[in-house]
Amino acid sequence: MPMPPALALGLGLCLALPGAPLRAEAPGPFRDPVAQPFASTSIWNTPLGRGATFQAGDAVETALLRNQNAGGPAGAFAWIGGHAFGIYRQGPADPVRTWIYRGRPATVPWPHGGSPAGGRFTLRTPPGLAFLGGTDRHAILVDEEGRYAYEVWLGAFDPARDQYTAQVVVRTDLRGSGISGRAGLSEGIRAFGGSLAGGLVRRDELDRGEIRHAIAMAASVTQASPTRTVWPASTTDGGGRNGHTGVIPMGALFAIPPQVDLDRLGLTTPEGRALARAFQDFGGYITDTAGRTVILAYLEEGCTDAQIDRLQADKDRILSVLAMVTNNDPAHPGGPGPRVAAPPPPLKGE
């Protein structure tokens with residue numbers, strides 16, 4: 001469902017304007033769930049274990065992820081998903097607007113009434129909210145308290161009726177896990193069944209040169225298996241009714257093995273080094289698929305074109321050393337053993 005390369009480049013919003021996407025805050029003793037969501041026990045905030053085992057480079061899944069010609073010439077072209085979508089936060093002066101949705105998960109708490117099969121509700125909505133991500137038309141709207149996020153797929157604004165529509169809307173707890181709590185059920189916008197906010201790279205992280213969480217990735221439809229899933233995925237595209245032709249399971253964890261010396265990888269940019277370090281410390285999860293594209297990272301709206309371009313310059317070197325972790329499971333997220341890096345700060349109250 002992610003944007004194709006031709007749609008991945010766009011103009012950033014001026015962050016001083018009303019309704020512009022949020023800027024993440026600098027790290028402190030506690031983590032802001034809006035700036036970096038989900039519990040410290042979440043897959044997104046758990047570093048790899050020292051007992052993680054990695055496939056060899058010629059193993060089928062790893063070799064296929066690294067193959068940018070899977071399915072034909074440039075059938076899995078490596079890409080950085082710049083300007084993926086914006087994250088907006090309600091303000092007390094924002095107008096109350098009607099939202100009409102056609103679906104939402106029945107197992108996720110929902111305070112607005114209406115059926116999971118469709119309904120309407122009202123929400124304070126920043127006037128500048130935009131739906132991005134090519135044909136996916138994504139956006140995330142965070143409530144004033146910074147606790148819950150309304151994640152939208154196929155969103156639109158009807159100015160004539162002064163109302164918003166969404167094919168699917170999910171109310172996500174930013175202090176929760178960021179993944180589905182039940183196998184076989186989707187409790188998020190992403191194809192893997194989890195949150196759209198999980199693994200998103202923020203502008204301030206690139207400004208600081210430090211990404212202290214796992215990365216959301218997308219495999220090409222020529223790499224992804226049509227039906228196979230592994231934890232933390234609970235679903236895959238179309239419930240397995242899709243045209244995928246590969247073998248990589250939805251939910252697969254890929255990372256840079258510890259023996260890879262990042263200083264000798266030939267990375268040329270600080271953004272590339274930050275992303276490579278995140279892949280070596282936390283790894284990245286296959287959360288979605290894309291046509292003829294393997295997306296190494298999704299970047300929030302507001303990241304600069306220069307930051308995106310610098311990541312594009314280093315993406316091939318990073319892809320060339322990613323390997324699938326074979327012992328990632330609920331009992332040992334990121335693999336067993338002591339962690340290879342310090343976790344991010346905890347949420348207040350954890």
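Trainee: Is the crossing of α4 and α5 left-handed or right-handed?

Mentor: The model is predicted: local features need pLDDT of at least 70, side-chain atom pairs count only at pLDDT 80 or more, and totals for chains, interfaces and linings use all residues. Residues are numbered from 1 along each chain as its sequence is written, and side-chain values use heavy atoms, leaving out hydrogens and water. A crossing is left-handed if the near helix is turned anticlockwise from the far one by less than a right angle, and right-handed if clockwise. For α4 and α5, the crossing is right-handed.

Trainee: Which word describes how α4 and α5 lie to each other?

Mentor: The axes of α4 (residues 270-281) and α5 (residues 305-319) come within 8 Å and cross at roughly 50°. Angles under 35 degrees count as roughly parallel, over 145 as roughly antiparallel, 65 to 115 as roughly perpendicular and the rest as oblique. The two helices α4 and α5 are therefore oblique.

Trainee: Which residues of α5 does α4 meet?

Mentor: Contact means heavy atoms within 4.5 Å. From α4, the residues E271, G272, L275, A276 and F279 meet Q307, R310, L311, D314 and I318.

Trainee: Which strands stand at the edges of the sheet?

Mentor: The open sheet has 6 strands in the order β2-β5-β6-β7-β3-β4, with mixed pairing; strands pair if DSSP finds at least two bridges between them. Each edge strand has a single partner, so one side is left without a neighbour in the sheet; these strands are β2 (87-89) and β4 (119-124).

Trainee: Which residue in β5 is the bridge partner of Y88?

Mentor: β2 and β5 (residues 139-142) run parallel, joined by 3 bridges. The partner of Y88 in β5 is L141.

Notes. Helices (H or I, at least four residues) and strands (E, at least two) are DSSP runs, numbered from the N terminus. Axes are lines fitted to C-alpha atoms, for helices over the stretch in contact, and angles run from 0 to 180 degrees between N-to-C directions.
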